[in-house]
Amino acid sequence: MSKKLSKEEKKNRKKVKPGRLAKREAMVGIAFISPWIIGALMFLVYPLAMSFWYSLNNIRITPLGQFFNYVGIGNFTQILMVDTEFPLELADYVISTIVSVPVIVVFALMIAIMLNQDIKGRGVFRLIFFLPVIIVSGPILGMLNAEGAGSVTAIDIQAITNAVEETLPKSIAEPISDLFENMITILWYSGVQILIFLSSLQKIDRSMYEAAKIDGGSGWECFWKITLPTIKPMILLNCVYTIVYISNNDQNAIIELIKNSMFSGTKEKGYGYASAIAWLYSFVVLLIVGLFALAFIAKKDVYAKQVKKAKKAHKKELREIKRVGRRSARHAKKREREQAKQH
Amino acid sequence: MQKREKENKQSNTNGQAAAVKRPKFNKDKFRKFMLGTKERQGFLKVFCIYALLICIGFIYLNPILHMISRSFMSLNDLLDSSVNWIPSAIDLSNYAQAAKSMDFWRSLGMSIIIAGVPTICNLISCAVIGYGLARFEFPGRNVVIGIILFTFILPTQITMISTYLLYTNMGIIGTLWAFVLPSLLGMGINAPIFILIFWQFFRQVPKVLIEAAQIDGAGYLKSFFKISLPSAAPAIITVSLFSFVWYWNESYLTELYVSGVKVKTGWTSLVIQLDNFATNYNSYAQTATGGATRLNESINMAGTMLSVLPLMLMYFILQRYFVESIDRTGITGE
């Protein structure tokens, strides 16, 4: 054992070739994750490659076997140029996602902040707000919506949507009135997010708020200057989670479209066509995730920025001083020379 | 400064007035009570928070309450506009009919199998993979973690079609193997999340502990089973609960891979039965009662209730583990 330890120490002291122990550890580690490697090859890399190949083909399944017919980008042009179904659904999906993700996240944050106050019965409220996560699934949501349980009977939603539609232009009003109509669905999607926010809020150091209060900061200022910057990574996490959840949800019309075109018997549709839709759809989803990530990606914090700025200014000043010094030295020499000439 | 002085003066005069007259209604005290001081929260704020929380909680529960109340209503209650929330008499025949048309007990058993078996496989594979990522250093580890994160974001639809064809060629479509195989290889539903949970957990196990075990002669497997796994009990509970719930609620992939879209295999689950509730009910009604009873809202709601009930029971019994799970997973960063 002592031999091994000394070897490890040596490895730590200077980077040489990995020792025998490190090599063996690496081998065991790879052995441990080997199921994942096989799984990734089988259910990630191979399907990805195949579905890309499928999207370039027209596939027909007959009792005699599968027939591939290479059509190049034919499927994509068919989807985007000829059939109107997918572009329309996609536009709907993009607009509703971009509208509802901020709403869900902000709502979850509000609830979490309220639950984080010193109130009684926090456990009960947590229980209620997390319940939808357990029972929500496509068919159940569909059934509830179909029977009119998805909207709040106590609030006159029709009046709100009418008011919105009258005052705003149609393109803006439509997503907003959709938002009100699907209020419960949106609220129901925020269960996990509330808990994530709540547990991150509880981890913020109390003494920070106390210090801020002593310095005369109000609750409002504390929220913007302490709470929000601290939970910023959680906001990004929740945004991503929400987007992924909405995109993979059974209620999503595009997913239904993919399945329908997979099993439709028409000549131009089929597995190839469905694969092409799936590729386009995935691209759009990743794009939206990227968009939100870009908006929230952790920038360097303000203090570090200011320090850097100050350092830069200081360096510039130093350079300036040096330059002035050099210039004055030069001038002095010049004058000396001139004086020497005159003499 | 001037302002503060003024305020001081005011409070002084107020205090004097209170001391002299002792009125019943103290304005200053009342204001403090309503708006709160630095030490105590104001009544107004607390009241607002409670009111908001209760309102939102009601909106949250509204569909479920609606479902429960409707499921007990008889046809007369449904048509009677004066009956809004509370049914005039509790009618259990809706449940009986819905249960019969859904073939409740058989579907329940199959749901448990469809959700339970992949959950166990998920648990085994994700624990092993998470341990491998957390405990060992090997080249390309960060790449693996990156790919796992990426698979979480990537929509499943992109690999769905070729996976479907792969299963068809392997001959496991329409059997439980279509769920078991990927979950054994760490590619089940939401497996990236579970792997990350285990990874987070095993990273917190002190390395000294494992090294001590190694000095005492424990091998890699023994130190995994005897030391790391027992200390990861919260992660095991979280993963198994969520995996079970997500497999239970998954209707899309279950229908595609296991129970069949066009041609039905023997497999079914409660959620899928609910998805095809109308057709199921009609075929049941025609054989059983000769098409006498029609599908109505109460029966629909009773069917929905039946398919939700097992999970709801589980949630209320094990609610502590569910609600605390997010804290435990360390997703919020320790």
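**Surface charge and cysteines in a predicted model**

In chain A, A:R326 sits within helix α16, which spans residues 302-342; helices here are DSSP runs of H or I with at least four residues, numbered from the N terminus. The model is predicted, so local features need pLDDT of at least 70 and side-chain atom pairs count only at pLDDT 80 or more, while totals for chains, interfaces and linings use all residues. Residues are numbered from 1 along each chain as its sequence is written, chains are lettered from A and ligands numbered from 1 in the order written, and side-chain values use heavy atoms, without hydrogens or water.

With a relative accessible area of 52%, A:R326 is exposed (exposed is over 50%, buried under 20%, partly exposed in between; 1.4 Å probe, protein chains only). A:R326 belongs to a positively charged surface patch together with A:K322, A:R327, A:R330, A:K333, A:K334, A:R337 and A:K341. Patch residues have over 30% relative accessible area and no salt bridge, with like charges joined within 9 Å; a salt bridge places a Lys or Arg side-chain nitrogen within 4 Å of an Asp or Glu carboxyl oxygen.

A patch of negative charge is formed on the surface by A:D92, A:E165, A:E166, A:D178 and A:E181. Helices α7 (157-167) and α8 (170-181) of chain A each give two or more residues to this negative patch. A:E165, found in α7, is partly exposed at 43% relative accessibility.

Turning to the cysteines, B:C121 is buried at 9% relative accessibility, and B:C126 is buried at 0%. Zero disulfides (cysteine sulfur pairs within 2.5 Å) are found over all chains.

Key
Patch = residues over 30% accessible without salt bridge, like charges linked within 9 Å, V, L, I, M, F, W, Y side chains within 5 Å. Areas by Shrake-Rupley, 256 points an atom, 1.4 Å probe, with all protein chains shown as cover. Lys, Arg positive; Asp, Glu negative; His and termini not counted. Charge placed at Lys NZ, Arg CZ, Asp CG, Glu CD.
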